[in-house]
Amino acid sequence: MIRFENVEVSFGEKIAIPDLNLEIEQGEFFTLLGPSGCGKTTALRTLAGFIEPSRGEIYIDGKVATRLPSEKRSVGMVFQNYALFPSMSVRENIAFGLRVRKTRKAETALLVDEIAAQVELTSEQLAKNVSELSGGQQQRVAIARALVLKPRILLLDEPLSNLDAKLRVQLREQLKNLQRELGITTVYVTHDQEEALTMSDRIAVFNHGVVEQVGTPEEIYNRSGTEFVCTFVGAMNRLSGDVVHQLRQRGGTGLAAAKTSYLRLEKVSLHAPTGATAAIRLDGVVAGRSYHGSHSTYTIDSHGSSIRALVPEGGGCPLEPGSAAQLYIDPSSVLQY
Amino acid sequence: MRNSSWASMFRSPFVVIVSLVTLWFVATFLVFPNANLLISTFLPQGQFSFRAIDKLVSSERAMNSLWHSFALAATLAVTVNVVGIFIVLVTDYFKIRGARMLWLGYATTLIYGGIVLAAGYNFIYGRYGFVTNAVRNWFPEIDPNWFSGYFAVVVVMTLATTTNHMLFLGSSLAKIDYQTIEAARNMGASTMSILWRIVLPALRPMIFAVTVLTFLTGLGALTAPLVLGGTDFQTIAPMILTFSKSTGSRDLAALLAVILGLATIVLLAMMNRVEKSGVYFSVAKVATPLQKQRIPNRFANAAVHVAAYVLFVVYATPVLLIVLFSFLQSSAILTGSITWGDFTLDNYATVFGTPAVLRPFVVSVVYSALASAIVVGGMLFVSRVLQKHRNPVTTMLEYLLHIPWILPTILIALALVMTFDRPNAMVGGQVLTGTTSLLLIAYVIVKVPFTLRLLKAAFASVPESLEDAARILGAGSMFTLRKVLVPLILPTAAAITALNFNSLLDDYDAAVFLYHPLYQPLGVAIKASTEGENNVDSMSITFVYTVLLMIIMGFTMYLVYGRGGSSTRRRKRRAGTVTVK
């Protein structure tokens, strides 16, 4: 459906994306994930046709689209700040693209009403000026405006970043449901790993303009391909050489001593696992505890490492700082780079 | 702003047309006339010559005018700062009773200035002025020309030029972080110590900027020296006007204009350098709005109050008298004694009932309206192209369009007169000097930099994503401009049009060089009314013109600043901050 082939994007002397190769399937919810300035928005804007690559080609539906004007690519875009036209009403905003295409008035009204219903905008809201709407409602208008032209691809540039946490979670689900319902190929840009993991079919993790790994959310999280992906996605414990040495001595023979080792917080247990297990016990001292409601995070000093562990609420008596603790670690959970 | 190669820029027919028209305008009206002025000064017969300089050095009047101009500029740099800073402090910094009323009194110069103000003072304090006549009824030995020469010019220009302080210094003062004042007070600093050590140093860059502007105003002063300077105190600008009237001394006029232009360029360059060195209003991430300071010393407080109200009377009296005199019979003004029977509506009836009398007013309104509409309409396209395409061609074009900002209006006017007094191929072989169009062209030229700068800023303030959104929805650049961008910058464009209209309405500097004898603009008519002894009737007419101008200008200022200002006040009040204006 979409293919970036050896795409290089530069701004004067500065190369933002050196060599991008990426394939996105039809109907897929594909996320470009990475920290600020990593090139993910540049990649999206290049796909939208706002930036012309200095080298390489972009294919849409098997056809070269590299130098095709953005309006001819059949892409709809939702901008980070929504980019709603402040001098127009909600209805006029949504109908803008139809008006450009000289769609008949009656048909325009019908299409606007249809899409408004899909994104849950009421007729009263359609009559309002965009400035009278809340952030969440404005975001729906931006989505409706992008979708009313029935594009083959929907591009979303951090569309939830301006919303409060609760609304973000709510809209995340609605957006995913809408995408599934319409079956539209969607490319989503975010720096929020949780957003990427919960919404995407596949994720490309960007770092300094380079794609570090492409995979499903599970692959990205559990089988991080590079050290950057491993540390960027989710919280991690970095294990000291002494801890690795202890694990190797007590049965973790598969672990390499010379590599950098990481362990996810939820892979550390403070209670002896039941039944047959490869978990290795390490002794330590509780250095601190932070309470998060549904769980607590304990920091245990052990063999030169401060190892954090997640304990669900109700998962045993709270340990006090300074008290002795036992850590149980399965060496196969350790990621090494 | 986006970078774009100029090859890609010229793909659009819209950009090509705008660029070609702009290049023609710049070459024909900005570069060529001023280059022609330099050539006629230093290369009169095709060879470099010091003849104009020799003439200047040997002309006592010309050399005196140079000395007078610099003396006036230097004096104003001091007097305007003293009065201007005092005004800003009493209206915006100290807790003074009736500060809002005081501000309105001081702000009267926002709605009347230039030739109108000079003529107003002349009609009140001048040789035939009401106050002079009234005082001479009691003390006949008083010199009727007491309000004339250097003293009168300095007084009038000092009062007229404090508007820069009110607008710019007042705004800078509001940006000072109040927490710095609280911190100083917390460490035991007194009110005066805070003013000298915290507030004024923070305002230093802006004080420097307004000083430069004041100096430039003094240097290029035309109307005040012309109306009130008398024979003994003439400055560069009136001399340029005098010398330009004779073909034999035009090179001298051109040289004086060049000197004025050079001085302006040097001073503006200095100002730019100081601006670049940085301003230091606040380094706080969350600045606290300034709160008014009480003057703790009772005597100092009383003295400041008295001084503030005396200054208010000085500012407000001419305005009140002008309004009053516009309803008086001419004879009453002349004799200096007023009775109830002298009040009349005849002056207004004459202005509105006599086409020949109303004509200068209509001419000025038409010129100002046309020039404002043309310059805003044209710059709308130019600023769009300059804002969207950034490359060496557009950068050069932008610099060239700022030429009128660094050249005094009289230099521009003189250059136009001297360039288009013969058929010129760049304007289709036409002679423009002496036609009605040259003044319109001059008005458009002088308003280009201000209009361009503000419109470009307005375009730049529109988020780029709006254009991207329109583009991805299939809108072309013209459709996007028409339907998305123009509606957004329309309020700014309307405000610029109104401000341009206001400032051109009573223009004298360009009009006196370029007006068509059959279409005398208001500035020229008002100046004419101040000449000679038999000006009694025209004096009354001028009072009516002035009142009408003040109404129009006051209304425009309210439309541009007033309504926005009141909503800002409401917002600030809601936020619990202290404001005065």
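Helices (H or I, at least four residues) and strands (E, at least two) are DSSP runs, numbered from the N terminus. Counted this way, chain A has ten helices and 18 strands.

The structure is a predicted model, in which local features need pLDDT of at least 70, side-chain atom pairs count only at pLDDT 80 or more, and totals for chains, interfaces and linings use all residues. Residues are numbered from 1 along each chain as its sequence is written, and chains are lettered from A and ligands numbered from 1 in the order in which they are written.

**Chain A as a whole**

The C-alpha atoms of chain A fill a box of roughly 75 × 45 × 35 Å, taken along the principal axes. A residue is called buried if 20 or more other C-beta atoms lie within 10 Å of its own, exposed if 12 or fewer, and partly exposed in between, with C-beta atoms placed from the backbone. Of the 337 residues in chain A, 38% are buried. Two residues are in contact if their C-beta atoms, placed from the backbone, lie within 7 Å. Among contacts in chain A between residues at least 6 apart in sequence, 66% link residues at least 24 apart.

An unreviewed UniProt entry lists residues 2–233 of chain A as "domain: ABC transporter". UniProt positions are given in the numbering used here, feature names are shortened, and annotations may be inferred rather than shown by experiment. Over residues 2–233, chain A is 38% helix and 26% strand, with 25 Å between the end C-alpha atoms.

A:Phe11 belongs to strand β1 (residues 2–11) of chain A. A:Phe11 counts as exposed because it has 11 C-beta neighbours inside 10 Å. From A:Phe11 to A:Ser54 the separation is 43 residues in sequence and 8.9 Å in space, C-alpha to C-alpha.

**Sheets of chain A**

Two strands pair if DSSP finds at least two bridges between them. One open sheet has six strands in the order β6-β7-β8-β3-β9-β10 (chain A), with mixed pairing. Its edge strands, β6 and β10 (210–215) of chain A, each pair on one side only. From one strand to the next the twist averages 15°. For angles, axes are lines fitted to C-alpha atoms, for helices over the stretch in contact, and values run from 0 to 180 degrees between N-to-C directions. Helix α5 (residues 135–147) of chain A packs on this sheet, where it touches β6 and β7 (153–157) of chain A, and its direction makes about 170° with that of β6(A).

A second open sheet contains five strands in the order β13-β17-β14-β15-β16 (chain A), and here the pairing is antiparallel. Helix α10 (residues 241–249) of chain A lies across β14 (280–291), β15 (295–302), β16 and β17 of chain A, at about 140° to β14(A).

| Strand pair | Bridges | Facing residues |
|---|---|---|
| β9(A) and β10(A) | five | A:Asn207 and A:Val210 |
| β11(A) and β12(A) | four | A:Met236 and A:Arg264 |
| β13(A) and β17(A) | two | A:Ser269 and A:Tyr328 |

Side chains alternate along strand β11 (residues 236–239) of chain A.

**Where the chains meet**

The contact between the chains takes 17 residues from chain A and 14 residues from chain B. On the side of chain A that touches chain B, β6 (75–78) and α2 (90–100) of chain A each supply at least two residues. The most come from α2(A), with three residues.

**The nonpolar core and chain B**

A nonpolar core is a set of buried Ala, Val, Leu, Ile, Met, Phe, Trp, Tyr and Cys residues joined through C-beta atoms within 7 Å. The largest has 246 residues, and those touching the most other members include B:Val156, B:Ile240 and B:Leu414. Helix α23 (residues 437–460) of chain B gives the most to this core, with 13 residues.

Leaving aside neighbours within four places in sequence, B:Val156 is in contact with B:Leu117, B:Ala118, B:Tyr121, B:Ala224 and B:Leu228. Helix α14 (residues 236–244) of chain B is mostly covered, with eight of its nine residues buried. Among them are B:Ile240, B:Pro238 and B:Phe243.
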